[in-house]
Amino acid sequence: LFIIPSPAKAIFAILGSLLFENFVRRSCSSLETRLRFAPSEVFPYFPFPWPAKPFPDNPHRAPILNVPNPVERRLAPPTQVLLDLREDILLHPERHELTRADVGGPTDLYNLFDNPRCELASIQRLREAHHAVELAVLREYGWGQLHGPWTFDRPWIDGTWRHVPPAATRRAYLERLAALNHEQAAAAAESS
């Protein structure tokens with residue numbers, strides 16, 4: 001169990017983005033066909049779109065959780081729309097042309113999300129909400145032009161269908177994150 005102690009919607013948006021998932025899948029190993037998430041292989045190297053500034057009152061708290069207010073103000077609205085929609089579908093599936101058997105929990109919901117044959121209006125709205133969050137995250141990095149139509153693909157080792165950006169876009173995510181990681185590391189080395 002790994003907990004991120006932050007109420008910031010910006011943290012949720014970034015860690016829930018395909019940008020972050022691509023980085024994690026590139027950085028971490030797998031166990032059989034399952035991803036083996038290792039925070040020590042991800043967080044020291046994942047470049048957030050803001051500089052890490054320590055908390056003056058608590059030097060042991062992760063500085064990356066110190067989200068600048070303007071970033072939070074921009075990422076919170078689309079993230080809240082996504083969270084509200086997801087909660088409403090999970091708590092009231094009947095409002096969304098679904099049954100409790102269809103959506104017993106988040107796994108069932110995201111199996112529908114990633115199913116290329118699922119065209120329910122509520123699932124389309126959920127996809128649109130994820131797209132809006134992804135675009136907002138990309139804009140924080142200054143990479144809004146990378147956002148385009150998503151597709152259904154089998155991008156990971158487990159071979160399951162996923163609703164994701166095309167392969168070229170996923171490669172661009174990784175290339176830009178690597179370049180930003182190098183820039184931030186060089187800036188940190190200069191300042192110390």
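Glutamate 21 is buried, at a relative accessible area of 17%; here buried means under 20% relative accessible area, exposed means over 50%, and partly exposed lies in between, with a 1.4 Å probe and protein chains only. This is a predicted model, in which local features need pLDDT of at least 70 and side-chain atom pairs count only at pLDDT 80 or more, while totals for chains, interfaces and linings use all residues. Residues are numbered from 1 along each chain as its sequence is written, and side-chain values use heavy atoms, with hydrogens and water left out.

**Salt bridges**

What does the side chain of glutamate 21 meet in a salt bridge? The partner is arginine 162, at 2.7 Å from N to O. Glutamate 21 lies in helix H2 and arginine 162 in strand S4, so this pair ties together parts that are 141 residues apart in sequence. Helices (H or I, at least four residues) and strands (E, at least two) are DSSP runs, numbered from the N terminus. Arginine 162 is buried as well, with a relative accessible area of 14%. Glu21 and Arg162 also belong to a network of salt bridges that links them with Arg25 and Asp114.

The count comes to seven salt bridges, each being a side-chain nitrogen of Lys or Arg within 4 Å of a carboxyl oxygen of Asp or Glu. Three of them are set out here.

| Glutamate 21 | Arginine 162 | 2.7 Å |

Glutamate 140 lies in helix H6 and arginine 74 in helix H4, so the pair ties together parts that are 66 residues apart in sequence. Glutamate 140 is buried at 14% relative accessibility, whereas arginine 74 is partly exposed at 47%. Beyond its neighbours within four places in sequence, glutamate 140 is in contact (heavy atoms within 4.5 Å) with Pro49, Val71, Arg74 and Leu75.

For the pair of glutamate 41 and arginine 36, both partners are partly exposed: glutamate 41 has a relative accessibility of 26%, and arginine 36 has a relative accessible area of 37%.

**The largest pocket**

Rolling a probe the size of a water molecule over the atoms shows where empty space is left.

Helices H1 (9–15), H2 (18–27), H4 (69–91), H5 (106–113) and H6 (121–141), along with strand S4 (162–164), each supply at least two residues of the lining. By class, the lining has 21 nonpolar, nine polar and eight charged residues. In this scheme Ala, Val, Leu, Ile, Met, Phe, Trp, Tyr, Cys and Pro count as nonpolar, Asp, Glu, Lys and Arg as charged, and the others, Gly among them, as polar.

**The nonpolar core**

In soluble globular proteins, nonpolar side chains tend to be buried together. The largest nonpolar core here has 48 residues, and Phe46 and Tyr141 have the most contacts inside it. Such a core is a set of buried Ala, Val, Leu, Ile, Met, Phe, Trp, Tyr and Cys residues joined through side-chain atoms within 4.5 Å. H1, H2, H4, H5, H6 and helix H7 (167–191) each supply at least two of the core residues, and H6 gives the most, with eight. Leaving aside neighbours within four places in sequence, phenylalanine 46 touches Ile14, Leu19, Phe20, Phe23, Tyr141 and Leu177.

Arginine 170 lies in helix H7 and is buried, at 11% relative accessibility. Not counting residues up to four places away in sequence, arginine 170 touches Asn22, Asp153, Pro155, Trp156, Val164 and Pro165. Alanine 167 is also found in helix H7, but is partly exposed at 33%.

Finally, glutamate 97 sits in the loop between H4 and H5. Glutamate 97 has a positive phi of about 60° although it is not a glycine, and is exposed, with a relative accessible area of 57%.
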